[in-house]
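Here's a quick briefing to read alongside the model. Have the viewer open and follow along.

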Amino acid sequence: MASLPSLAISGTPHKLDADVRKLSPASVPLEKRLSYQRSPPTADGSWEASVQPLDAREALALLREGTGVESAFYVPLLQQCIETRSLPDAQVIHAHIIKTGTHEETFVSTSLVDVYMKCGDPHHARKLFDTLPRRNVVTWTALITGYVRNSEPENAILVFVRLLESGCYPTNYTLGAALSACCALYSIELGRQVHGYMVKYGIESETSMGNSLCSLYSKCGSLESSVKAFRRIPNKNVISWTSIISACGDNGDTELGLTLFADMLTEDVEPNEYTLTSALSLCCMLQDLSLGKQIHSFCIKFGCESQLPVKNSIMYLYLKCEEINEARRLFNEMDTVSLITWNAMIAGHAQMMNLAKDDMAAHHSGFEALKVFQKLNRSGMKPDLYSFSSILTVCSGLLAIEQGEQIHAQTIKSGYLSDVVVSSALVNMYNKCGCIDDATKAFVEMSTRTLISWTSMLTGYSQHGRSKEAIQLFEDMRLVGVRPNQITFVGVLSACSHAGMVDEAEYYFNMMKNEYGIKPVMDHYACMVDMFVRQGRLEDAFAFVKKMDFEPNEIIWSILIAGCRSHGNVDLGFYAAERLLELKPKGIETYILLLNMYISAERWQDVSRVRKVMKNENIGSIRDRSWISIKDKVYFFRANDRSHPQSAEMYALLESLLQKATCLGYVPYKSVELSDKEDEENSVGSAAATHHSERLAIAFGLINTTEGTTIRVVKNITMCRDCHNSVKFFSILTKREIIVRDSKRLHRFRDGRCSCGDFGALLL
């Protein structure tokens, strides 16, 4: 075969005309044989029309050593490496480029840098870049963009600085890549410097640059700067409007975002699917169903309703606004369901648990989320980290330990347990379900830990009364360089409070202020006051309150009142009660606390005064509800509930347990309470109900589970003192671990002791 002429093959495939389609292989020009792979020849030796590009190795094999090749020959081959992300082929082509001497051409070497970056090998890209004799701005930009693409924004900025120091002028693409690096670093300071170069080179007003600036400032939390960048764009396109509307949502300014959406429509800019999903997201944040329906109509008008992201957003809007039936209708009508759709349904039901008007509705939403997750598993799709983290949060709210353990096993099998979001959710689930040992095991096995992980585990130790472990974990966290936040210190101070570690609590309280510059909030003060009260140091507790930077709230005064009652200091208790009444609290449990104190002191005028305040403030009746989950079914109970088929057996068991508990030293404690009847006005009796809801739920659990099974009950209000005291004895008599999570804290009863330290500051 004769020596090859110099070839100039373009990167786009050649179209075979009618004359070429029936050529024999030997008559096809070599340049086309380099660019195309033919199908097997037909019986007459001719080619079929369906031809495909040669891969890199086949193309290079056609070239003999010493053949002259123009640089453009490598373009389609390198592009093919990018499309297939084939690093080995890129290395083969690189070797051939060196052999032919083409590597000295800046165009070719820049293409190689780009290919290595897009194939996920920034190390070889940088190594090649550093050996180049000549670089132009395209080469620099390829390296910077590549670092951003490979999640190495720090290196991207360092290369950008070197570019400036070399005297090379950046283009708008270079500056755009540098802005992307600043976004990834969440560095507004670096972003402002890059912005300065854009002003210097006169490209700030370019639409693409303005859009990038808008996104940068939004991600860095400066909505004001983002809006300014948007206003300076002379020719705004749909991307500009979408960027600023999305920025408003990311930074919590829903009103401005919707105003800008209206402005966009006024200026006759047609929104795309991303604009509409951003606007729908704003309606979700506002929970404005009426406005959301209007935007839904825009989706139909602009032909975007069939787009899956838009469908997902509309469905999630209805979920957030508690229009569950409409959301399900949309979900069931979808021809195509993505994993995002499934996740939206699960997350939407999880969100409804927090927004539900009553506890039954909340638990119904939680179990619906579990059903959706089961359907996802059966659909053939694989859950991702968002699916697992959402459903584990649902299990936490339901105390659904059995389902949580099954999902734990699934995360191990799928490999998602190694993700820090999933493993953190798992730790939290075990903590909330009262399984502190399982939570510890999950935490220890985490490959990566974030501040959230550390804080969740620390709080779990504190809630379970394991104060020493909590404080040791806090010191370990500091040792590895994790900086604590406000919530972390709440856990630490709570642990000190449970253990009565006054000196340690004061040490950490001062550390929080002086070493970490964290200003104490009400929760920190509540932990400190609770600690002094537990120790009977009431004077110190009141003195500490006087040193607060702001006025105490309902929780602080309630802690003080409960402490004064427990330690018999009625004078300080009455003082705290007066301060509490001045706040006109809205919580019904607070009024029960006050009534109990005044009735026990026989201060009937104060009792009458509290009742009058309750009437004026329209304080409703208390509704005592508890529920227990057994074998995927939830059973609800009210105080003195006799509606259950097993009521007779439950009451007989409770009477038997209470008689035995009396022999062990149990003394019933009677307190005032409001009527639980929905059709009665606020009424107050002097005697407690025979059995509150949690005792009935516990009895039901004892009857319907095997010996040794942990009983887990959720209660919608705070446990009263009598129930708390009696359940301690139940744990001894039944040799069971009993977990009750009320509205204030988790109580883990075992062998006659409770994890709350046997002092519930807000017990009624």
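A residue counts as buried when its relative accessible area is under 20%. Phe 331 comes in at 11% relative accessibility, so Phe 331 is buried. Keep in mind that this is a predicted model.

**Whole chain**
- The protein chain is built with 37 helices and eight strands.
- Of its 764 residues, 51% are buried.
- Looking at contacts with a separation of 6 or more, 64% are between residues 24 or more positions apart.

**Around Phe 331**
- Phe 331 sits in helix H18, which runs over residues 324–333.
- Setting aside neighbours within four places in sequence, Phe 331 is in contact with Met 315, Val 337, Thr 341, Trp 342 and Met 345.
- Take Trp 342 from that list: Trp 342 and Phe 331 are 11 residues apart in sequence, with 8.9 Å from C-alpha to C-alpha.

**Helix H3 and what follows**
- Helix H3 covers residues 74–84, and its buried residues are Tyr 74, Leu 77, Leu 78, Gln 80, Cys 81 and Ile 82.
- Just after H3 comes Arg 85, with a positive phi of about 50°.

**A charged patch**
- On the surface, a patch of negative charge brings together Glu 402, Glu 405, Asp 438 and Asp 632.
- Glu 402 belongs to helix H22, residues 401–414.
- Glu 402 has 43% relative accessibility, so Glu 402 counts as partly exposed.

Note on methods:
Residues numbered from 1 in each chain as written. Predicted model: local features only at pLDDT ≥ 70, side-chain atom pairs only at ≥ 80, totals over all residues. Heavy atoms only, no water. Patch = residues over 30% accessible without salt bridge, like charges linked within 9 Å, V, L, I, M, F, W, Y side chains within 5 Å. Areas by Shrake-Rupley, 256 points an atom, 1.4 Å probe, with all protein chains shown as cover. Salt bridge = Lys/Arg side-chain N within 4 Å of Asp/Glu carboxyl O. Lys, Arg positive; Asp, Glu negative; His and termini not counted. Charge placed at Lys NZ, Arg CZ, Asp CG, Glu CD. Helix = DSSP H or I, 4+ residues; strand = E, 2+ residues; numbered from the N terminus. Buried < 20%, exposed > 50% of the residue type's maximum accessible area, 1.4 Å probe, protein only. Contact = heavy atoms within 4.5 Å.
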